[in-house]
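Here are my notes for you on this one, point by point. Have the model open while you read, and look up each place as it comes.

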Amino acid sequence: LQGVFVLGLPYALLHSGYSGLFLIMLAAALCCYTGKILIACLYEENEDGQLVRVRDTYEDIANACCKKLSPRLGGIVVSVTQVMELLMTCILYLVVSGNLLSHSFPSVPVTERTWSVIAFVTLLPCVFIKTLKTVSKLSQLCSLVHFIILLVVMTYCLTQTQQWSWAKLRLSTEFEGFLVSVGVIIFSYTSQIFLPTLEGNMKNPGEFRCMLNWTHFLACVLKTTFALTAFLTWGEDTKEVITDNLPSFLQALVNLCLLSKALLSYPLPFFAATEVVHVCISRGNHPNYSSPLFALGVRGSFLLLTLLMATFIPHFALLMGLTGSVTGAAMTFLLPSLFHLNLKWRNLSCLEKCADVSVFILGFLCSLAGIVCSIKGLLEVFG
């Protein structure tokens, strides 16, 4: 919940003003809600009225909803969507790593693509990751690095309080800029892809809802504080990535921290994507599909694919924005609300039904707006 997108929140406030602060809180509430209803779809009541976990993955939920049309149609759609989003996330981390290395060592005569390849070499051990426990330890280190970055930026901002002016914060009047802000804010909270696996691996799954409430609340407080502090410091000069506003002596330190964060963030989407691909292929029940060598081959192929796409596809950021507008909104808003309505319709109150429909409509509008902005950007580049 505290990913790279957080560094773009001050820029989002530049385009959205006071409404951006409201959006940060609204997005936290909505993403927390869709996370809860998604996990609710994993459970059904038994004869004694007790909730029993009858599904394990996002795909199982989709298959249950689409079983009248086709037993596996829903799972295939969700699997493809999941892998696309996770693949794009992995490639983003490689692209970001190459960019950060080129900015950290500008005197070295090496292209950004070559830096991405160098960063890729450090990620080769990812092919040997077999359990979520290993990923969890790397994610802990990633969180630590992230808090160091936030601490450096906020400490510097607090030394500039004499420059702060609330007059810098106003209501947005630029609609297209506001849409960009919506995308940055909403997708800084997305985590639904990982939630079924996360809940299934908890020692006490009964505490999942409480955990979700606290994490989203704390993420909201931290995002709001960070975005507001940074925006009040630089105002109209706020850049897309707030670390670019820092003095040069701090930029070098923060860039190296960001590089560490990007490389430590890679294993989580990588592990999740390869697990989805491996499970889908192994359903063929061929004995070779369950061998450790085959799993190693799947992970190695996926790792190489992320490198090839990161280095050879031009204007990847715009293409990723287009894909993210479709897959991100679908996995975060559209599918959880749709599945919840389908599987729990009889047990839902009128208020809960209205909430699910509202979330679905909002997700559709966000997705549509993101697609329009991304296509417009692609047309400008290629036109």
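1. Contact here means heavy atoms within 4.5 Å. Leu264 sits in helix H10 (residues 248–265); helices are DSSP runs of H or I with at least four residues, strands are runs of E with at least two, and both are numbered from the N terminus. The C-alpha atoms of Leu264 and Ser143 are 9.1 Å apart, although 121 residues separate them along the chain.

2. A word on what you're looking at: this is a predicted model, where local features need pLDDT of at least 70 and side-chain atom pairs count only at pLDDT 80 or more, while totals for chains, interfaces and linings use all residues. Residues are numbered from 1 along each chain as its sequence is written, and side-chain values use heavy atoms, with hydrogens and water left out. The pLDDT (the predictor's confidence in each residue, from 0 to 100) averages 84 over the chain, and 91% of the residues score at least 70.

3. Now for the core. A nonpolar core is a set of buried Ala, Val, Leu, Ile, Met, Phe, Trp, Tyr and Cys residues joined through side-chain atoms within 4.5 Å; buried means under 20% relative accessible area, exposed means over 50%, and partly exposed is in between (1.4 Å probe, protein chains only). The largest one has 98 residues, and Tyr189, Phe226, Tyr266 and Phe339 have the most contacts inside it. Which helix gives this core its largest share? That is H9 (residues 208–234), with 11 residues. As for Phe226, its contacts beyond four places in sequence are Val6, Leu7, Pro10, Leu150, Val153, Met154 and Ile242.

4. Stay with H9 for Thr233, which is found in that helix. Thr233 is buried, at a relative accessible area of 5%. A polar atom of its side chain lies 2.8 Å from the backbone oxygen of Thr229; a polar contact is a pair of N or O atoms within 3.5 Å, where within protein one must be able to donate a hydrogen and the other to accept it, and residues adjacent in sequence count only if both atoms are side-chain atoms. Not counting residues up to four places away in sequence, Thr233 touches Cys157, Gln160, Gln163, Trp164 and Lys168.

5. H3 (residues 58–65) has seven of its eight residues buried, so it is largely enclosed by the rest of the structure. Its buried residues include Glu59 and Asn63. In H1 (residues 9–16), six of the eight residues are buried, so this helix is largely enclosed too. His15 and Ser16 are among them. Just after H1, Gly17 takes a positive phi of about 60 degrees.

6. On to the rings. Rings of Phe, Tyr and Trp (its six-membered ring) pair if their centres lie within 6.5 Å; planes under 30 degrees apart count as stacked, over 60 as edge-to-face and the rest as tilted. A search of the whole structure finds six aromatic pairs. Tyr266 and Phe270 have ring centres 5.6 Å apart and planes at 25 degrees, so this pair is stacked. Both residues are buried, and together with Phe302 they form one aromatic cluster.

7. Charges over rings come next: one counts if NZ of Lys or CZ of Arg is within 6 Å of the ring centre and within 35 degrees of the ring normal. The charged end of Lys223 sits over the ring of Tyr189, 4.6 Å from its centre. Lys353 lies over the face of Trp345, at 4.0 Å from the ring centre.

8. Buried or exposed: what is Phe333? Phe333, in helix H13 (residues 316–344), counts as buried at 1% relative accessibility. Beyond four places in sequence, Phe333 is in contact with Leu30, Cys31, Thr34, Ile186, Val359 and Gly363. Phe333 and Phe364 are 8.0 Å apart, C-alpha to C-alpha, and 31 residues apart in sequence.
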